[in-house]
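Reader: Could you take me through one part of this model closely, starting with the positions that carry a database annotation?

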Amino acid sequence: MSDAVPHAEVEIDLNAIRDNVAQLCDRAGDAQVMAVVKGDAYGHGLVRAARAARAGGATWLGTAVLAEALALRAAGDRGRLMAWLYAPGERFADALAEEIDLSASAPWTVDAIADAARETGRTARLHLKIDTGLGRSGAAEARWPELVDAALKAQAEGLVNVVGLWSHFAVADEPEHPANLAQLETYHSAVAMAESRGVAPEVRHLANSAATLMLPQAHFDLVRTGLSIYGLSPSPQAAPAHEIGLRPAMSVRARLALVKRVPAGQGISYGHLHVTDRETNLALVPMGYADGIPRHGSGGAGGPGAPLLVGDTIRRVTGRVCMDQLVVDIGDDDLRAGDEVVLFGDPARGEPSAQDWADACGTISYEIVTRMAPRLPRTYLGADGGTSQ
Ligand SMILES: Cc1ncc(COP(=O)(O)O)c(C=O)c1O
């Protein structure tokens, strides 16, 4: 059987993740670095990305859901690891058996974790979360004392050990925004209040990528970096990725399925959002929204179309992105079926960036990389030991 060449693939450079983490460790100064690998490591592959991040110096890993933290343990990771998002009924006992740090934003979680500690005979490592202004998870300021007291009661019974006090920023990507200082102030008071009642945290943590890069006063003992470890900037205006020494880890490429000559007046793809104004070549890229390509990247009446590197030229999606395919008007370029196009990758190689796709699609680069579909084959380069699929 001959080796099939995929018609489209996602390539992940694990050395880029390793090196980006090393760069962020430098930026973090005395603070430790948690590599945030939730969402299948922002689409980069949970286990491999986590290993590359450890190789770069991340002493912590973080996931939102427990299933991903358990998967990391099953793959052999034994370092500090935290998961922070659950609903009642979660298998906290499994988390304790695997020494996964847990979080609580409300007393119900402290109670459920304490029950699991009783059941397993293991003391939970618990991080208490205060909502300092994001308006998402974390205890509301008014309920913080109640949460701290619930945790201290469980600690007195030997069921939990409060190891962390933490929160999350809302607008750290705009470093001048007044909400950042307000959140910092609230965080300082919440920590002081918890410490005055007897909490002695190992780690206080507040900073995401943006705050790690732009708000050093928010580093505390641990920073939680997600997007930046994958080589993308959380704040492309204030801190472009290449200026802060980050290298994108993901590139997405495809091989043309068809090139054909069409006359002027040819409507392109569903809805005919674009009609050719001259005779031209059309290239068919075998990727669509079933692969995670946003339909908002369509070009024509609704927008400019997302960019692709086709041959040596940056072209744009022409007409609607379909489920499995999209079309690019390549003018008189002489390309043929099988030639490679790059949807996004490393601008240092002349490729569009995930940020360029985000701009064209009205979203953020987080969403572009995270949404690449499982059906796309992944090729891994570097840190994990050469090339593998
Ligand atoms: C609680 C928490 N901390 C840290 C991060 C990492 O954020 P970023 O990817 O902006 O570095 C996230 C991701 O959104 C998060 O939810």
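**The annotated positions and a neighbouring helix**

Author: Met323 lies in the loop between strand E18 (313-316) and strand E19 (326-331); helices (H or I, at least four residues) and strands (E, at least two) are DSSP runs, numbered from the N terminus. The model is predicted: local features need pLDDT of at least 70, side-chain atom pairs count only at pLDDT 80 or more, and totals for chains, interfaces and linings use all residues. Residue numbers start from 1 along each chain as its sequence is written.

Met323 is partly exposed, with 13 other C-beta atoms within 10 Å (20 or more would be buried, 12 or fewer exposed, in between partly exposed; C-beta atoms are placed from the backbone). Beyond its neighbours within four places in sequence, Met323 is in contact (C-beta atoms within 7 Å) with Gly288, Tyr289 and Ala290.

An unreviewed UniProt entry puts the feature "binding site" at Arg136 and Met323. They span 188 residues in sequence and their C-alpha atoms are 33.4 Å apart, so they do not all gather at one spot. Such annotations may be inferred rather than shown by experiment.

Arg136 sits in the loop between strand E6 (124-129) and helix H7 (144-156). Arg136 is exposed, because 10 other C-beta atoms lie within 10 Å.

E6 and H7 are among the elements that cover the buried residues of helix H8, which runs over residues 178-196. Those buried residues are Asn180, Gln183, Leu184, Tyr187, Ala190, Val191 and Ala194.

Terms used:
Two residues are in contact if their C-beta atoms, placed from the backbone, lie within 7 Å. The expected span of a helix is 1.5 Å times one less than its number of residues.
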